[in-house]
Amino acid sequence: MIRNGHGEAGGAERPGPGGRRAVRVWCDGCYDMVHYGHSNQLRQARAMGDHLIVGVHTDEEIAKHKGPPVFTQEERYKMVQAIKWVDEVVPAAPYVTTLETLDKYSCDFCVHGNDITLTVDGRDTYEEVKQAGRYRECKRTQGVSTTDLVGRMLLVTKAHHSSQEMSSEYREYADSFGKCPGGRNPWTGVSQFLQTSQKIIQFASGKEPQPGETVIYVAGAFDLFHIGHVDFLEKVHGLAERPYIIAGLHFDQEVNHYKGKNYPIMNLHERTLSVLACRYVSEVVIGAPYSVTAELLDHFKVDLVCHGKTEIMPDKDGSDPYEEPKRRGIFSQIDSGNDLTTDLIVQRIIKNRLEYEARNQKKEAKELAFLEAMRQQEVRPERESDFDF
């Protein structure tokens, strides 16, 4: 079991309000290609209790029931650990959630989104805890899914940023990828994320820098927020005793200018929530300027500016975007020890394209069969009552 020690959650388990016993909540899943939808599920689960424990399945279990994961189990353990609402991570959690598992970790109940999770033979993985009354449900985040993100990476298009730019290829993909033979799949269908101020408030800490804290500024795309970003931010967090990290996120057009192709995969609103969910980040600048200016440094009272080992592209006028912090002697380049980039993730997806497409088709076929079985169960009693004289 991995215990967290940073952010809103984490650290030693605290008693509940009024000194009562803490309510311990269990979540589990694959948490492959972790996005803000996963984070929002864990945020909602944490709000239902006092201590959140998250079980993460192994690569072997996922391959058996769903297909090959994009990230390794060690990468997925660390990604979940970095989400600020998580108190503990349980590696190698069983794929089927049982009462034995809940009791082993002294959890009162488990929480899952309102989507279907099935075993390789089509059984509901939460059937036992549902029947025992130790199951709670949270709302699924509309507009994002791992399926959709994989689709964006497989297609070299900017259609995920603007519906006006949607090519006929992407439109055909969007119409078919999230559907099954019976029509639109409500769990894996491609949909458009709509940002709201309320969602940002739910994710943000709302805390200002306090006296004695070191304000550290980092900037970038933070696209497909991944373990490479987490390792970098963790290293930056360790530079000060009391760090306050501000992450500046560049506009989509700015990211596309210096990365090209169809980047960013996630739009600015999606990237904002992904970064806000990280326990090492205190604040996010939405649409930060590419060059770190004197005005920005003075406004946020920045003590230190950090950048990773990735290449620093010059600004449009050819200038060094970190010229001002370098002039002030507050610039530091950090080696996270992790060379994973968004480009490498996309390469993983493209390399295994057929496997991932087969995985999604397999998932949809199981869901369709499960829904049909549920429908038959609902219809059968009515037919029997017709003959009940």
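How many aromatic pairs does the count come to?

1. The count comes to 6 aromatic pairs, where rings of Phe, Tyr and Trp (its six-membered ring) pair if their centres lie within 6.5 Å. Planes under 30 degrees apart are called stacked, those over 60 edge-to-face, and the rest tilted. Bear in mind that this is a predicted model, with local features needing pLDDT of at least 70, side-chain atom pairs counting only at pLDDT 80 or more, and totals for chains, interfaces and linings using all residues. Residues are numbered from 1 along each chain as its sequence is written, and side-chain values use heavy atoms, leaving out hydrogens and water.

2. Take W26 and Y105: their ring centres are 5.4 Å apart and the planes sit at 20°, so the pair is stacked. W26 belongs to strand β2 (residues 24–29), while Y105 is in the loop between α4 (99–104) and β5 (109–113), so this contact ties together parts 79 residues apart in sequence. Helices (H or I, at least four residues) and strands (E, at least two) are DSSP runs, numbered from the N terminus.

3. Both partners are buried (under 20% relative accessible area, 1.4 Å probe, protein chains only; exposed is over 50%, partly exposed in between): W26 has 1% and Y105 has 16%.

4. F222 and F225 make a tilted pair, 6.4 Å centre to centre with 40° between the planes. F222 is buried at 6% relative accessible area, and F225 is buried at 6%.

5. Now for charges over rings (NZ of Lys or CZ of Arg within 6 Å of the ring centre and within 35 degrees of the ring normal). K259 has its charged end over the ring of Y263, 4.8 Å from the centre. K326 lies over the face of F331, 5.2 Å from the ring centre.
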